[in-house]
Amino acid sequence: MTKVKAFAAPSEGAPLVATIVDRRDVGPDDVQFDVLFCGICHSDIHTVRGEWGKQTYPLSPGHELAGKVTAVGKNVTKFKIGDHVGVGCLVNSCLNCEPCKTGHEQFCQNGAIFTYGSTDRDGTVTQGGYTQSAVINHNFVVSIPKNLPLDAAAPLLCAGSTLWAPLKRWNAGPGKKVAIIGFGGLGHVGLKLAKAMGAEVTVLSHSDKKKEDALKMGAFAFHKMDKAAFDSLKENFDLILNTVSVTVDTAGYYELLKFDGAFVVIGADPTPTVSLSTSVGVSKQRVFTLSLISGVQETQDMLNFCGEHNVLPEIEVIPASYINEAFDRVVASDVRYRFVIDNSTM
Ligand SMILES: [Zn+2]
Ligand SMILES: [Zn+2]
């Protein structure tokens, strides 16, 4: 065991404090790396505050880890000391079931192990990336292309992977019209990815506040959604991604899909409510579905794509002492567009 500096919640709802967490010794299949930066995802806040169920404390959240390799186990050939690496939402799975074998470890039939707050196969509770160092099985570590700065690349590990999977699955690309509902940490990465894929991307929002930003980042159009907007955009999009975590007019948005289009929910609404008339869906052959992050290979593909196309999230780098204030600002949607912790300040 190694003791490493961390920020963690000592109990449910308590502010995060500086502390020490244990990291296991480097096993034959492990990669040890210095976590230089970690993004703050809204899920971190929901989890440590107990809003998504009971947790074991102290708990250090964070599933957007970016850093440099410091040691590798004897079976590890893909990584060497000094490599730029990342870890997203997953740190273990069975690797044998059908979802695992087809690169969808997040849907492991024997239980995917998430980066923090999950009970790993050795019985320990996983600790996330608000720590200065991590030891992770190499099958769940990805390479970060050298041309991407590690601080801005960090949010790609969750936000990027969350948007990548549905954009790929529903063939976002030239000739496709993609709409993104919500323009926050997830939405702005979705815009940049879909735009780089060659799609025409429209942002749909409840307010005009971020219109200028969205257009600057390459949006084809930005609509504040009122009745006139819903009417004017009927049957307009091939793909709509809902990134917001509050209840939206799903039935209204569904009408904005073309024949055969897909509506994908990726926001983390803990109580999703959907009321759709089947006749609307069936008559236009539209799809309604959900998406949960990317598998490991998909995450690597996404990072390689971001390296090639220079896709980077907009970030605000903060010292660890600012984490609790940053949490409050994330909850208040007061961030453009992702906080990233400089872990050297712990
Ligand atoms: Zn996340
Ligand atoms: Zn599995």
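1. The buried residues of helix α11 pack against β1 (2-8), α1 (42-48), β16 (315-319) and β17 (338-342). Contact here requires C-beta atoms, placed from the backbone, within 7 Å of each other. Helices (H or I, at least four residues) and strands (E, at least two) are DSSP runs numbered from the N terminus.

2. This is a predicted model, in which local features need pLDDT of at least 70 and side-chain atom pairs count only at pLDDT 80 or more, whereas totals for chains, interfaces and linings use all residues. Residues are numbered from 1 along each chain as its sequence is written, and chains are lettered from A and ligands numbered from 1 in the order in which they are written.

3. Which residues of α11 (323-331) are buried? They are I323, A326 and F327, where buried denotes 20 or more other C-beta atoms within 10 Å of the residue's own, exposed 12 or fewer, and partly exposed a count in between. These three lie on the same side of α11 because they cover an arc of only 105° around the axis, the arc being that of the directions from the helix axis to the C-beta atoms. E325 and D328 are exposed, on the face turned away from the buried side of α11. Just after the helix, S333 adopts a positive phi of about 55°.

4. An open sheet is formed by six strands in the order β12-β11-β10-β13-β14-β15, with parallel pairing; a pair requires at least two DSSP bridges between the strands. At the edges are β12 (221-224) and β15 (287-290), each pairing on one side only. On average, neighbouring strands of this sheet are turned by 20° against each other, direction ignored.

5. Within that sheet, β10 (177-181) and β13 (237-242) pair in the parallel sense over four bridges. I181 has N242 in β13 as its bridge partner. Helix α5 (185-197) lies across β10, β11 (200-205) and β13, and runs at about 165° to β11. Axes are lines fitted to C-alpha atoms, for helices over the stretch in contact, and angles between N-to-C directions run from 0 to 180 degrees.

6. The chain is divided into domain 1 (2-156 + 313-345) and domain 2 (160-290), with bounds from an automatic or database domain assignment. Their centres, taken over C-alpha atoms, are separated by 28 Å. The contact takes 14 residues from domain 1 and ten residues from domain 2. On the domain 1 side, α1 gives the most, with three residues.

Key
Contact = placed C-beta atoms within 7 Å.
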